[in-house]
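Subject: Structure handover

Hello,

The structure is below, followed by notes on what was found in it. Please read the notes with the coordinates open.

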Amino acid sequence: MINLNRLQMFVAVVDAGSFTAAADSLGTTKAVVSFNVKQLEQELGVALLTRSTRRLALTPAGEGFHASCARLLHDADAAVDQARSGQTALSGSLRVTASVDYGNRIVVPALAAFARLHPALRVAYQASSAQADLIGERLDVAIRVGALADSSHRATRIGEFKLLLVASPALLAEHGTPRSLDASAALPWLANRPGRSDHWRLTDSKGREHALRVAPVAQADTASALLAFAEAGCGVAALPDWLLEEPLARGALQRVLPSYALPRQPVYAVYPDTRHVSAKVRRFIDFLRTGK
């Protein structure tokens with residue numbers, strides 16, 4: 001039978017990009033990792049990696065084997081956690097990913113609080129795009145905002161937040177504070193996605209929907225970058241309420257069209273669709289949803 005420890009070392013080498021980095025992540029030596037990967041290749045009768053002084057690369061056989069190993073190891077971790085699910089204390093590791101801004105502001109503080117409640121649990125966090133490979137990177141949970149792309153993963157809705165239209169006092173002093181949708185369309189606007197932020201759907205205080213088309217003058221791919229553009233007076237931005245409390249309080253930004261509302265943005269916990277959902281994943285998702 002293939003040794004699971006060797007599979008773990010092989011996956012660690014691929015994920016880390018070198019035997020040295022893999023050894024560091026596993027808390028062992030480069031020689032031990034190299035020996036076990038070579039033994040694995042001998043047992044399988046195929047080469048999994050091509051090695052040179054500068055880089056490692058997966059062979060065609062290694063590519064398919066790596067994906068299968070990552071899934072197998074994830075299932076093994078989940079099975080162990082399932083067996084331990086009757087215990088109050090959580091142990092093992094919990095690997096979480098989220099987008100940069102929402103992760104830094106919301107997810108990381110929650111993960112830190114969760115770790116304090118479960119001191120035997122090792123937590124790891126990485127900021128990533130929505131395209132992170134949960135199985136390949138052996139991630140337990142991804143926190144995503146907005147509409148979800150189709151995938152084979154499970155998803156649990158854990159909350160929502162508001163998007164607010166804001167601009168700097170300097171920009172509004174220069175162009176005038178808009179009193180109508182038509183007047184606001186004449187202002188310079190900021191886009192949060194290339195080619196996707198020129199058309200907004202807003203709801204007025206009576207629940208009626210309105211379409212607003214604008215011409216963005218600048219674009220950024222993170223909320224914090226858009227915030228910086230907005231504070232500098234570059235344009236009107238639609239930003240999440242969890243990012244705006246401090247800038248609004250100190251007067252760096254002001255609400256634009258406060259009587260109109262943008263669609264609320266959902267927040268999801270996404271996790272691999274494995275046979276066993278581990279106790280640590282279930283309880284962390286519950287913690288994010290309820291705060292306890």
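Strand β5 (residues 141-145) has four of its five residues buried, so this strand is largely enclosed by the rest of the structure. Buried means under 20% relative accessible area, exposed over 50% and partly exposed in between, with a 1.4 Å probe and protein chains only. Helices (H or I, at least four residues) and strands (E, at least two) are DSSP runs, numbered from the N terminus.

Some bookkeeping. This is a predicted model, in which local features need pLDDT of at least 70 and side-chain atom pairs count only at pLDDT 80 or more, while totals for chains, interfaces and linings use all residues. Residues are numbered from 1 along each chain as its sequence is written, and side-chain values use heavy atoms, with hydrogens and water left out.

The five-stranded sheet

β5 belongs to an open sheet of five strands with the order β4-β3-β5-β14-β6 and mixed pairing. Two strands pair if DSSP finds at least two bridges between them. The edges are β4 (121-127) and β6, each of which pairs on one side only. From one strand to the next the twist averages 20°. Axes, here and below, are lines fitted to C-alpha atoms, for helices over the stretch in contact, and angles run from 0 to 180 degrees between N-to-C directions.

β5 pairs with strand β3 (residues 92-98) in the parallel sense over three bridges, and Val 96 stands opposite Val 141 in β5. With strand β14 (residues 265-271), β5 pairs in the antiparallel sense over four bridges; there, Val 145 has Val 267 as its bridge partner. β3 and β4 run parallel and are joined by seven bridges, with Ser 93 opposite Arg 122 in β4. Helix α5 packs on this sheet and touches β3, β4, β5, β6 and β14, its direction making about 175° with that of β4. Contact means heavy atoms within 4.5 Å.

- Ala 142, in strand β5, is buried at a relative accessible area of 2%. Not counting residues up to four places away in sequence, Ala 142 touches Thr 97, Leu 134, Tyr 268, Ala 269 and Val 270. Its C-alpha atom is separated by 35 Å from that of Arg 208, 66 residues apart along the chain.
- Ser 93, in strand β3, is buried at 14% relative accessible area. The side chains of Ser 93 and Arg 95 are joined by a polar contact of 2.5 Å. A polar contact is a pair of N or O atoms within 3.5 Å; within protein, one must be able to donate a hydrogen and the other to accept it, and residues adjacent in sequence count only if both atoms are side-chain atoms. With residues up to four places away in sequence left out, Ser 93 touches Leu 121, Arg 122, Asp 140 and Lys 280.

The three-stranded sheet

Another open sheet has three strands in the order β12-β7-β13, with antiparallel pairing. Its edge strands are β12 (237-240) and β13 (254-255), each pairing on one side only. Strand β7 (residues 163-167) pairs with β13 over two bridges, and Ala 167 stands opposite Gln 254 in β13.

Helix α9 (residues 241-249) lies across β7, β12 and β13 and runs at about 105° to β12. Trp 242, Leu 243, Leu 244 and Pro 247 in α9 are buried. Their cover includes α5 (100-117), β6 (154-161), β7, α8 (223-231) and β12. After α9 comes Gly 251, with a positive phi near 80°.

How do the axes of helix α2 (residues 19-26) and helix α3 (residues 30-44) cross? They come within 8 Å and cross at roughly 110°. The two are therefore roughly perpendicular to each other, the class for angles of 65 to 115 degrees. Phe 19, Thr 20, Ala 22, Ala 23 and Leu 26 in α2 meet Lys 30, Val 33, Ser 34 and Val 37 in α3.

Arg 6, in helix α1 (residues 4-16), is buried with a relative accessible area of 14%. Leaving out residues up to four places away in sequence, Arg 6 touches Phe 35, Asn 36, Gln 39, Leu 40 and Glu 43. A polar contact of 3.0 Å joins its side chain to that of Asn 36.

Regards

Key. Parallel < 35°, antiparallel > 145°, perpendicular 65-115°, else oblique.
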